[in-house]
Amino acid sequence: MVAKVCPKCNSSDIDSDGSRGEAVCTNCGHVLEECAIVSEVSFAENSGGQSSVVGQFVPENGISSFRCGPGYGGFGNNSRELTLANGKRLIQQIAQVMHLGNDHIDVAHRFFQQAVQRNFIQGRKTHNVVAVCLYITCRFRKTSHMLIDFAENLQTDVYELGSVFLKFCKLLVIKLDPIDPSLYIHRFAGSLEFGDKANA
């Protein structure tokens, strides 16, 4: 709230600019407020013609995720950051068990970031969303991993996982190519213990 009277000259001629968050005494030039938090939403247009919101979100309790001073290393751990960190940890754990590389982890984490950003994880088990992110990555990379592999690994229902997969693909408008059956030949030939005949 802007003070009605200047503390320096006691003038009530205060020029307030809500868009910039400034209040200046027009009599003596004293700055009463500078870079104040405003509740107005403003937009800026970049050189490409795209609009974006100007400013930073401050939660209702007034505690920002940015911290300065001794004992703080920049940004604090708010809920979204914790969710992303937990998601990355789960992705790494599942990827290790499924023998997936770092490139799979990075791509799956980007999918998980989209899930968090679009509130797709709300009301869903995080490990199911993480598994779907990894499975989509496997489909793009054309590996022989199947959705049932992730379901068995997580000991979860494959139909529940399939439902999450379909909804996530629909949300992000992901168009996946049909599965090439030749991806599974070596895998299942190895399971049937054909030995050297498996490569024939």
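## Salt bridges

At 31% relative accessibility, E160 counts as partly exposed (between buried, under 20% relative accessible area, and exposed, over 50%; 1.4 Å probe, protein chains only). K125 is also partly exposed, with a relative accessible area of 43%. E160 and K125 form a salt bridge, and their closest N and O atoms are 3.7 Å apart (a side-chain nitrogen of Lys or Arg within 4 Å of a carboxyl oxygen of Asp or Glu). E160 sits in helix α5 and K125 in the loop between α2 and α3, so this pair ties together parts that are 35 residues apart in sequence. Helices (H or I, at least four residues) and strands (E, at least two) are DSSP runs numbered from the N terminus.

A word on the model: it is a predicted one, where local features need pLDDT of at least 70 and side-chain atom pairs count only at pLDDT 80 or more, while totals for chains, interfaces and linings use all residues. Residues are numbered from 1 along each chain as its sequence is written, and side-chain values use heavy atoms, leaving out hydrogens and water.

How many salt bridges does a search of the whole structure find? The search finds three, so let us meet the others. D106 forms one with K88, the closest N and O atoms being 4.0 Å apart. This pair links distant parts of the chain, with D106 in helix α2 and K88 in helix α1, 18 residues apart. D106 is partly exposed at a relative accessible area of 37%, and K88 is partly exposed at 26%.

D103 pairs with R141 in a salt bridge whose closest N and O atoms are 3.5 Å apart. Because D103 lies in helix α2 and R141 in helix α3, the pair ties together parts that are 38 residues apart in sequence. D103 has a relative accessible area of 37% and is partly exposed; R141, at 41%, is partly exposed too.

## The nonpolar core

The largest nonpolar core has 35 residues, of which F111, F112, V129, L134, I136, F150 and F168 touch the most other members. At least two residues each come from α1 (79-97), α2 (102-117), α3 (126-141), α4 (147-154) and α5 (158-172). The largest share, nine residues, comes from α3. Such a core is a set of buried Ala, Val, Leu, Ile, Met, Phe, Trp, Tyr and Cys residues joined through side-chain atoms within 4.5 Å.

Leaving aside residues up to four places away in sequence, L134 touches I91, I94, A95, L100, H104, A108 and F150 (heavy atoms within 4.5 Å).

## A buried histidine

H145 lies in the loop between α3 and α4. This histidine is buried, with a relative accessible area of 16%. Its side chain reaches the backbone oxygen of M98 at 3.0 Å, and the side chains of H145 and T143 are joined by a polar contact of 3.0 Å.

Three strands make an open sheet in the order β1-β2-β3, with antiparallel pairing (strands pair if DSSP finds at least two bridges between them). The edge strands, β1 (14-17) and β3 (31-33), each pair on one side only.

Four bridges join β1 to β2, where S16 stands opposite A23. Strand β2 (residues 22-25) is joined to β3 by two bridges, and V24 stands opposite V31. A23 and C25 form the covered face of β2, E22 and V24 the uncovered one. The hairpin of β2 and β3 has five residues between the strands, and in it G29 takes a positive phi near 85 degrees.

Notes: Polar contact = N/O pair within 3.5 Å; in protein donor to acceptor, adjacent residues only side chain to side chain.
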